[in-house]
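Here is a short report on a protein model.

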Amino acid sequence: MDDYQSWGRYPQVTQSVLGFNWRGDKLPTLSGKSILAQGFCRSYGDSCLNENNVVLSTRALDRMIAFDPASGVLRCESGVSLEQILNLAVPQGWFLPVTPGTKFVSVGGAIANDVHGKNHHRAGTFGRHVRAFELLRSDGSRRVCSERSDGGLYAATIGGLGLTGVITWAEIQLRPILNPFIEMESIKFRSLEEFFQISADSDRNFEYTVAWLDCVSSGSAFGRGIFMRGNHSRSENDKTRKIPGRQKLVVPLDFPAWALNRLSVKAFNTLYYGKQVAREKKSSVYYDPFFYPLDAVLQWNRIYGKNGLVQFQCVVPVQGGHQAIREILATIVASGQASFLAVLKEFGAISSPGILSFPRPGVTLCLDFAMRGERTLALLQRLDQMVAQAGGAMYPAKDALMRAENFKSYYPRWAEFAEYVDSQISSSFWRRVSR
Amino acid sequence: MKIAVFGATSAIAQAACRIWAGRGAEFLLAGRSADRLEAVKGDLTVHGAQTVVVCCCDLSDTSRHAEIIEQGERAIGPFDLVLIAYGTLPDQALAETDFLQAQNAINTNFLSVVSLLTELAKRMETRHSGTLAVISSVAGDRGRQSNYVYGAAKGGLSIYLAGLRNRLFHKGVKVLTIKPGFVDTPMTAAIKKGPLFVKPAVLGAGIVRAVDRGSDVAYLPWFWMPIMWIIRSIPEGVFKRMRL
Ligand SMILES: Cc1cc2nc3c(=O)[nH]c(=O)nc-3n(C[C@H](O)[C@H](O)[C@H](O)COP(=O)(O)OP(=O)(O)OC[C@H]3O[C@@H](n4cnc5c(N)ncnc54)[C@H](O)[C@@H]3O)c2cc1C
Ligand SMILES: NC(=O)c1ccc[n+]([C@@H]2O[C@H](COP(=O)([O-])OP(=O)(O)OC[C@H]3O[C@@H](n4cnc5c(N)ncnc54)[C@H](OP(=O)(O)O)[C@@H]3O)[C@@H](O)[C@H]2O)c1
């Protein structure tokens, strides 16, 4: 079901879809309607939607332009997916410098949300590895932006939510690998304190760190989870190791709303935590299941039924202690609405080039809520307030309802950013938060 | 492998060519937009193509066909495989009242392809080798009120290809008729996408497989074979009353 709605399927909007299929094409001229570039709709809320207006889909803009296997510099069109890049680069000894939890996102989308991955503490955001890109503006001009040329537009476009123009191509610096395997360890933790302890210990020696957090259990199980950390394998033997085949499952239909209830989610969490018997486990795995466990089930968002889901991702500072994240988690657990996909990670201090980038030092929590109407919305509004009070930020890529005033406190440079917004471009998200 | 692609900027053709590029193929790419051909050339080169030569021309103009093929074979060598992929989807309503619309659609989708095939068959026949892979359509299997001008052109093409296959079989040349169902490409941008639509990559993989196997007719994806069998089996007296 490919209907150009966002991944959360909430909100669902009416909009027209045009294809932007060739990088030399002009932008369509539409009287009285705004446009918005759209990649693979892996954003959850409304940042990739343009209600009552037009979206320009870049899905056919998926060509490679140049790749230098000696330096790892790749130039490609903006609708190229991270999956395409991996398929091309991994056999030649290169890997994405930063990758989100799904490989089904476009390069344009990765830049426009300045996405982060499990290696934020080491590599910063995706935008840091974008050497240059071409931006097509509605006045017909084309600018090649980099740190050195058109630096203002460069900084506004990275994390710029598609509002500054249409990125036609981008040049990315990949990172070298010896083989496609990851040496990983998983460690159970019983509390948030333990999480922060392991996280601090891991940052030095592990490129990738992330934790799965149980957002359902209270009492003595409150704050438990499994910490996962890993590095690219440096073993010569892994160069010739057989690459495991992978079966893909597809969720063909929307599940009925009752399929995900408190009991099934609780059972999942208990089983998942209990699955790992030993406190610590080491293994060597192919990169795909390590980075993209959810990609094995295509269209998994349909498990949430036709009402969809809303995601919540915040970052809150930790210098002053862990009180803020503890309270947020307690609110989520008490609501009983959390589902099984919850992720906790500490961001590092490497700053992003983007004016509007989301990652900043602190701890980030990310989870899904099945959309159950008013009570789900009320909970998210409450969380939005808590994040604002804690001096944190919410992530536009995952958001459907942060308040305009909170957006402005999360992104204090928003007015500077607004100067760069193209007059013919807009989005449902932007109209909501900039009013 | 030396491959000539007519209509190389087609989304379906690009998907198939990427796979052949990964096998180190050499290409002649013919199409009508120089910029777009350059974009496809770059992509295929990154994917591993050995040589890529482009030829910018309007393929509905049959007067240049012989020359284009001659120059193409001189540039990359005798073609092992030819993919003919260009086509246009006319506005059926316009074509019902304006003959020029119907004529253009039939010229591009059928007659001009016959011109290319005539020239290519002559060459491959004398070499006793090669494969001619041509994109027709399930729309050519039966005329329907919503799409019969395009359908007639593709139907004529399918029949022509069947005859050509019969003739060239005895000369060691293969002819593959490709019949896609609904594919999400620029050609179908204006059509509302239902569950039967597939991505161009699915077609690309299907075409490469059909060529590898030496198939005669390939319905892509496969489920169009039983669907079209049913559609062809409906008695005309019933069919004409349906709204298809
Ligand atoms: C399972 C899953 C896991 C995820 N994990 C992470 C994660 O770990 N870290 C993280 O940061 N994010 C994560 N995300 C979010 C995802 O990475 C971002 O939403 C990403 O931006 C989606 O890219 P897309 O191609 O689908 O773009 P869309 O969602 O379609 O669009 C996103 C934005 O990009 C803009 N855009 C797209 N193409 C262009 C272009 N050519 N020019 C200008 N603007 C453009 C759009 O206007 C829009 O503002 C995850 C999402 C899913 C579904
Ligand atoms: N998409 C479907 O659902 C579907 C179904 C059945 C069959 N088909 C057939 O599949 C083939 C490929 O189509 P597609 O789906 O890949 O659509 P597409 O991407 O729109 O490709 C059509 C191509 O034909 C080219 N073309 C049209 N007229 C031309 C001319 N006179 N000279 C040179 N090139 C010309 C176009 O060139 P420009 O780029 O310059 O416009 C375009 O590249 C077509 O034969 C089509 O009939 C498609």
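The report below begins with the basis of the model.

## Basis

This is a predicted model: local features need pLDDT of at least 70, side-chain atom pairs count only at pLDDT 80 or more, and totals for chains, interfaces and linings use all residues. Residues are numbered from 1 along each chain as its sequence is written, chains are lettered from A and ligands numbered from 1 in the order in which they are written, and side-chain values use heavy atoms, with hydrogens and water left out.

## The interface of chains A and B

Chain A brings 15 residues to the contact and chain B brings 13 residues. Contact here means heavy atoms within 4.5 Å. The buried area is about 1,200 Å², and carbon and sulfur atoms give 53% of that area. Buried area is the accessible area (1.4 Å probe) that two parts lose on being put together, summed over both.

Two salt bridges are counted between chain A and chain B. The term requires a side-chain nitrogen of Lys or Arg within 4 Å of a carboxyl oxygen of Asp or Glu. R18(B) and D62(A) form a salt bridge through their side chains, at 3.2 Å from N to O. Four residue pairs are in polar contact across the interface of chain A and chain B, with both residues at pLDDT 80 or more. A polar contact is a pair of N or O atoms within 3.5 Å; within protein, one must be able to donate a hydrogen and the other to accept it, and residues adjacent in sequence count only if both atoms are side-chain atoms.

On the side of chain A that touches chain B, the elements giving two or more residues are β4 (64-68) and α1 (82-89) of chain A. Helices (H or I, at least four residues) and strands (E, at least two) are DSSP runs, numbered from the N terminus. The largest share of this side, four residues, comes from β4(A). The residues of this side of chain A divide into seven nonpolar, two polar and six charged. In this scheme Ala, Val, Leu, Ile, Met, Phe, Trp, Tyr, Cys and Pro count as nonpolar, Asp, Glu, Lys and Arg as charged, and the others, Gly among them, as polar.

## E77(A)

E77(A) sits in strand β5 (residues 73-77) of chain A. E77(A) is buried, with a relative accessible area of 0%. Buried means under 20% relative accessible area, exposed over 50%, partly exposed in between (1.4 Å probe, protein chains only). The side chains of E77(A) and R23(A) make a polar contact of 2.6 Å. Beyond its neighbours within four places in sequence, E77(A) has contacts that include D62(A), W169(A) and A39(B).

## Strands around β19(A)

Strand β19 (residues 362-370) of chain A is mostly covered, with nine of its nine residues buried. Strand β17 (residues 309-316) of chain A pairs with β19(A) in the antiparallel sense over eight bridges. Two strands pair if DSSP finds at least two bridges between them. L309(A) stands opposite A370(A) in β19(A). Strand β18 (residues 338-347) of chain A also pairs with β19(A), in the antiparallel sense, over seven bridges. Here A338(A) faces F369(A), and A342(A) has L367(A) as its bridge partner.

Eight of the ten residues of β18(A) are buried, so this strand is largely enclosed by the rest of the structure. Strand β12 (residues 208-213) of chain A pairs with β18(A) in the antiparallel sense over two bridges. A211(A) stands opposite L344(A) in that pairing.

## F369(A)

F369(A) lies in strand β19 of chain A. F369(A) is buried, at a relative accessible area of 0%. Leaving aside neighbours within four places in sequence, contacts of F369(A) include Y304(A), L309(A), F312(A), I332(A) and L383(A). F369(A) and T240(A) are 129 residues apart in sequence and 42 Å apart in space, C-alpha to C-alpha.

## Backbone exceptions

Most residues other than glycine have a negative phi, and most peptide bonds are trans. The bond from Y10(A) to P11(A) is cis, with omega near -5°. P11(A) lies in the segment before β1 (16-19) of chain A. The bond from L220(B) to P221(B) is also cis, with omega near -10°. P221(B) lies in the loop between β7 (217-220) and α8 (224-233) of chain B.

N52(A) has a positive phi, near 60°. N52(A) is in the loop between β2 (35-38) and β3 (54-57) of chain A. D150(A) has a positive phi, near 55°. D150(A) is in the loop between β8 (142-146) and α4 (151-157) of chain A, and counts as partly exposed at 31% relative accessibility.
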